[in-house]
Amino acid sequence: MEPKCACKGIRTCLACENFKPKEPPCSGVHKFNEQGPQKKYIYCDSCKKAWLPSGEEGIGQHPNHIGQSIEFLGIEMIRDFVTEEEEVWLREEVDKTPWVDSQSGRRKQDYGPKVNFKKRKLRMSVFSGMPSLSRMLVDRMSLHSVLDGFIPVELCNLEYTPERGSSIDPHFDDFWIWGDRLVTLNLLSDTVHTMTMDSLPDVEVAVVLPQRSLIVVGGDARYKWKHGIHRFDITSRRLAMTFRELPSAYLTGGEHADVGAELIKRSLTFNGVAVGAGDSNKAEQ
Ligand SMILES: O=C(O)CCC(=O)C(=O)O
Ligand SMILES: [Fe+2]
């Protein structure tokens, strides 16, 4: 019997993959492979470099790293952004809203305008604002200089589990609708963002995300590198809360500043309810 899941096209999860025809090897789609590329660097947030592990010692301890490194700019990590008690509270609150099946074994909850990615148009009607539980997180973000002026107009909660084989393929978040900083709160388990560049097929950079940390992805990490999460880096249930801001075209002085102002007004009511299953507001990976 055909499995019930939300995967489309090349996406798969544990429920559907034995039923899908395998992609021909020449399909041109870059897929992670369990052996992976030859050069697997590990990112160090203290030196903003990614290091190539060598032998038993791996990459050594900052500041005494060993081996080769590459510059890796654009990531800011705020550890222990929430306490253990707050994490439990957030999980309980988030789980009160129904989850909607998504691609590659994920489930999601969306708060944000409906976006037509093909026509590059926004529809505000479904957007009632950020959910109330996010107010304390957004207030806390404003205490960090790296998030100066950050006003989210979208929150996407994603749930990953090993039982479903959840993952996310390497991708860029859209550039025309989302701004410079992608902000993710990583809850319930540690994981790894795997960064790749199509022009460097033998290179992968592992950015370890500790449980309860907040990661800000900007600069090169947002615009030059794709991000994704391997299935094998989901070891127990994980909840990611990703906040997105508007790009300059939607801010004061920009071409769509009027639309942007209305979105921001709605967002900051913190009265939002999740948009429905058919109203996805992001291009899905
Ligand atoms: O789960 C994550 O940390 C990242 C999710 C993501 O990249 C996305 O929703 O675009
Ligand atoms: Fe993304």
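Me: How do the residues of the shell around ligand 1 divide into nonpolar, polar and charged?
Reply: This is a predicted model. The shell around ligand 1 includes Leu 158, Ile 168, Ile 229 and Ala 240. It also includes Asp 173, Thr 184 and His 227. The division is 5 nonpolar, 3 polar and 1 charged.

Me: Which strands each supply at least two residues of that shell around ligand 1?
Reply: Cys 156 and Leu 158 belong to the shell, and strand S9 spans 152–160. His 227 and Ile 229 are also there, with strand S15 at 226–229. Ala 240 and Thr 242 line up with strand S16, at 238–245. The strands are S9, S15 and S16.

Me: What does the UniProt annotation call residues 152–247?
Reply: Over residues 152–247 the chain is 5% helix and 51% strand. The end C-alpha atoms of that stretch are 11 Å apart. The unreviewed UniProt entry annotates it as a domain, "Fe2OG dioxygenase".

Me: Why is strand S12 largely enclosed by the rest of the structure?
Reply: S12 runs antiparallel to S13, with 5 bridges. S12 also runs antiparallel to S15, with 3 bridges. S12 is largely enclosed because its buried residues number 5 of the 6.

Me: In S13, which residue is the bridge partner of Met 195?
Reply: A hairpin of 6 residues joins S12 to S13. The partner is among the residues with the most contacts inside the largest nonpolar core, which has 43 residues. Ala 50 is in contact with it too. The partner is Val 205.

Technical notes
Residues are numbered from 1 along each chain as its sequence is written. Chains are lettered from A and ligands numbered from 1 in the order in which they are written. This is a predicted model: local features need pLDDT of at least 70, side-chain atom pairs count only at pLDDT 80 or more; totals for chains, interfaces and linings use all residues. A residue is near a molecule or strand if its C-beta atom, placed from the backbone, lies within 6 Å of it. Helices (H or I, at least four residues) and strands (E, at least two) are DSSP runs, numbered from the N terminus. Ala, Val, Leu, Ile, Met, Phe, Trp, Tyr, Cys and Pro count as nonpolar, Asp, Glu, Lys and Arg as charged, and the others, Gly among them, as polar. A nonpolar core is a set of buried Ala, Val, Leu, Ile, Met, Phe, Trp, Tyr and Cys residues joined through C-beta atoms within 7 Å. A residue is buried if 20 or more other C-beta atoms lie within 10 Å of its own, exposed if 12 or fewer, and partly exposed in between; C-beta atoms are placed from the backbone. Two residues are in contact if their C-beta atoms, placed from the backbone, lie within 7 Å. UniProt positions are given in the numbering used here, feature names are shortened, and annotations may be inferred rather than shown by experiment. Two strands pair if DSSP finds at least two bridges between them. Lists of a residue's contacts leave out its neighbours within four places in sequence.
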